[in-house]
Amino acid sequence: MTGVNLVLGAGHIDRLIPNADELLRQYRYDTGCYYLDYVPTTPKGRIVPEDLAVTLLVNSRASWRAFHSLQLYADTIPLAELPAKSLQQISQTERTQVASVIAQMAALPGFAASVATKVLHKKRPDLIPVLDNQAIFGAYMNRHWPESLARTESVKSKEWILGALDWIVYDITRQENCDVWPLLHAIEPTRTVIQLFDSVWWMYFRQCQPVNRT
């Protein structure tokens with residue numbers, strides 16, 4: 001199977017992502033793949049400081065401040081209030097609720113949306129996508145990318161977080177992509193739809209904006 005294409009951009013900045021199947025295969029060699037494959041030994045129903053460790057595999061900038069915040073406030077993050085559904089199945093009201101939980105964690109010292117979702121995704125892998133500062137807010141939602149480099153500022157705003165969720169839902173349910181997800185799922189059968197989206201987009205993002213090693 002070759003030449004599988006995705007259209008991403010939520011109708012705002014639509015980009016044709018060619019050879020999505022090959023990008024997905026290439027992701028097997030990215031450390032993000034190790035992050036997805038890792039099975040946590042921490043409780044699924046609550047957050048603990050040790051949950052930060054696995055985020056180091058996926059471009060995380062987790063610091064001691066984030067660890068200390070979880071020591072103090074982890075039990076205040078209402079995981080039980082999250083809907084027991086996949087992202088594409090929830091209503092707009094439920095999506096707003098998900099954005100609120102992410103924003104609450106993103107507001108903690110040492111956190112923003114990126115690290116927060118990298119922790120939360122391991123708890124709800126079919127509901128909460130990884131909202132990387134550069135890949136999602138700086139590139140996917142940036143009409144000036146890749147002509148200008150992806151922005152790197154941290155995002156904590158509930159409105160921005162909800163906007164990102166809305167865009168991703170649009171793209172994983174849009175008609176142009178409906179026949180593509182089963183093809184990609186056949187390549188990586190253990191991945192959720194949002195993980196397939198994230199894997200393909202990350203590889204496309206890094207193809208257009210490689211890491212500057214200098």
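Analyst: The structure holds zero disulfides. Please bear in mind that this is a predicted model.

User: Where do arginine 28 and glutamate 188 lie?

Analyst: Arginine 28 is in the loop between helix H1 (20-26) and helix H2 (31-37), while glutamate 188 is in the loop between helix H8 (180-187) and helix H9 (193-208), so the pair ties together parts that are 160 residues apart in sequence.

User: Is glutamate 188 buried or exposed?

Analyst: Glutamate 188 is buried, because its relative accessible area is 11% and the cut-off for buried is under 20%. Arginine 28, at 36% relative accessibility, counts as partly exposed.

User: Which residue does aspartate 37 pair with?

Analyst: The side chain of aspartate 37 forms a salt bridge with that of arginine 191, at 2.8 Å from N to O. Aspartate 37 belongs to helix H2 and arginine 191 to the loop between H8 and H9, so this pair ties together parts 154 residues apart in sequence.

User: How accessible are aspartate 37 and arginine 191?

Analyst: Aspartate 37 has 46% relative accessibility and therefore counts as partly exposed. Arginine 191 has 6% and therefore counts as buried.

User: What does lysine 123 meet in a salt bridge?

Analyst: The side chain of lysine 123 meets that of aspartate 51 in a salt bridge, at 3.0 Å from N to O. This pair links distant parts of the chain, 72 residues apart: lysine 123 is in helix H5 and aspartate 51 in the loop between H2 and H3.

User: Why do lysine 123 and aspartate 51 count as they do for burial?

Analyst: Lysine 123 counts as buried because its relative accessibility is 3%. Aspartate 51 counts as buried because its relative accessibility is 8%.

User: Now to glycine 110. Where is it?

Analyst: Glycine 110 sits in the loop between helix H4 (92-106) and helix H5 (113-123). With 31% relative accessibility, glycine 110 counts as partly exposed.

User: What does glycine 110 touch?

Analyst: Leaving aside residues up to four places away in sequence, glycine 110 touches Ser63, Arg65 and Ala66. The C-alpha atoms of glycine 110 and arginine 206 are separated by 25 Å, and these two residues are 96 residues apart along the chain.

User: You mentioned H4. How many residues does H4 have, and how far does H4 reach?

Analyst: H4 has 15 residues and reaches 21 Å from its first C-alpha to its last, which is close to the 21 Å expected at 1.5 Å a residue.

User: Which residues of H4 are buried, and what do they pack against?

Analyst: The buried residues of H4 are Glu94, Arg95, Val98, Ala99, Val101, Ile102, Ala103, Met105 and Ala106. They pack against helix H3 (64-73), H5 and helix H7 (158-173).

How values were computed: Residues numbered from 1 in each chain as written. Predicted model: local features only at pLDDT ≥ 70, side-chain atom pairs only at ≥ 80, totals over all residues. Heavy atoms only, no water. Helix = DSSP H or I, 4+ residues; strand = E, 2+ residues; numbered from the N terminus. Buried < 20%, exposed > 50% of the residue type's maximum accessible area, 1.4 Å probe, protein only. Contact = heavy atoms within 4.5 Å. Expected span 1.5 Å × (residues − 1). Disulfide = S-S within 2.5 Å. Salt bridge = Lys/Arg side-chain N within 4 Å of Asp/Glu carboxyl O.
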